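Please look through the model below with attention to how its side chains meet.

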Amino acid sequence: MTLIFAHRGAAGTHPENTMVAFIEAANVGADGIELDVQLTKDGEVVVIHDETVDRTTDGSGWVKDMTYRELRALNAAATWRGRYGHCPIPHLEEVLAWLAPTPLAVNIELKNSLIAYEKLEQKTIALVRRYGLEKRTILSSFNHNSMRLCRELAPDMETALLSIDPLHDPWTYVRVMKADGLHPHYRTVTAKWAAEARQRGVAVRPFTVNKRNAMKTMFSYGVDAIFTDYPQQAKQWKEETP
């Protein structure tokens, strides 16, 4: 059964990577949420996708150059013209504390390809452990070295390798990296590839699947999960897919 992960929360209808987006994902019946983490200037783990705050908030500058207090003052719903009021950038701990009593899974993407945040892996894993969410957490990144480190630090947590382009001999690569899954761009996924992954015990969760035909195709391939900005719509289309 293909699970539905709300990409950055219900990012198609709510401000991405905010508590209102995550709560909406839970309300519409998503199986899990996906979020992105980075470190502030003072070493706090915050939930935001871009390395700068310019696109999603009313502020400007690099996440790494701002303190947690400075980031919290920004409005992560600024582009929604007041529809959601003031939504602060969440701390990862805030999200995990909310998520713990729910049945939701969580995919935490470490945004450390451009900036090598020191101790991001260790701090993220520590917070997951604090809330006993090891078995409901997937750690992923485009930085595959980071995922190999996470495997060494937390062998009890699932790791997945993000990729936009097709990987050469992905099965050998996954084995060498000791990863549990692949998170490819959905356009690179074929029925044969998905079937081979299933035979080899490699979880496949394509991103970011927002259109009806693409979703139905992924459902028909039997991928383990999809990441989508529209979890409510995805759930409806999933129910319509034979």
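Which side chains meet in a salt bridge with an N to O distance of 3.1 Å, one of them being Asp-65? The partner of Asp-65 is Lys-64, a salt bridge being a side-chain nitrogen of Lys or Arg within 4 Å of a carboxyl oxygen of Asp or Glu. This is a predicted model, in which local features need pLDDT of at least 70 and side-chain atom pairs count only at pLDDT 80 or more, while totals for chains, interfaces and linings use all residues. Residues are numbered from 1 along each chain as its sequence is written, and side-chain values use heavy atoms, with hydrogens and water left out.

Lys-64 also has its charged end over the ring of Trp-62, 5.8 Å from the ring centre (the criterion being NZ of Lys or CZ of Arg within 6 Å of the centre and within 35 degrees of the ring normal). Lys-64 is partly exposed at 35% relative accessibility, where buried means under 20% relative accessible area, exposed over 50% and partly exposed in between (1.4 Å probe, protein chains only).

The count of salt bridges comes to 16. Among them, Asp-180 and Arg-151 meet at 2.3 Å, N to O, and this pair links the loop between α6 and β7 (181-184) with helix α5 (residues 144-153), 29 residues apart; helices (H or I, at least four residues) and strands (E, at least two) are DSSP runs, numbered from the N terminus. Arg-151 is buried, with a relative accessible area of 12%, whereas Asp-180 is partly exposed at 28%.
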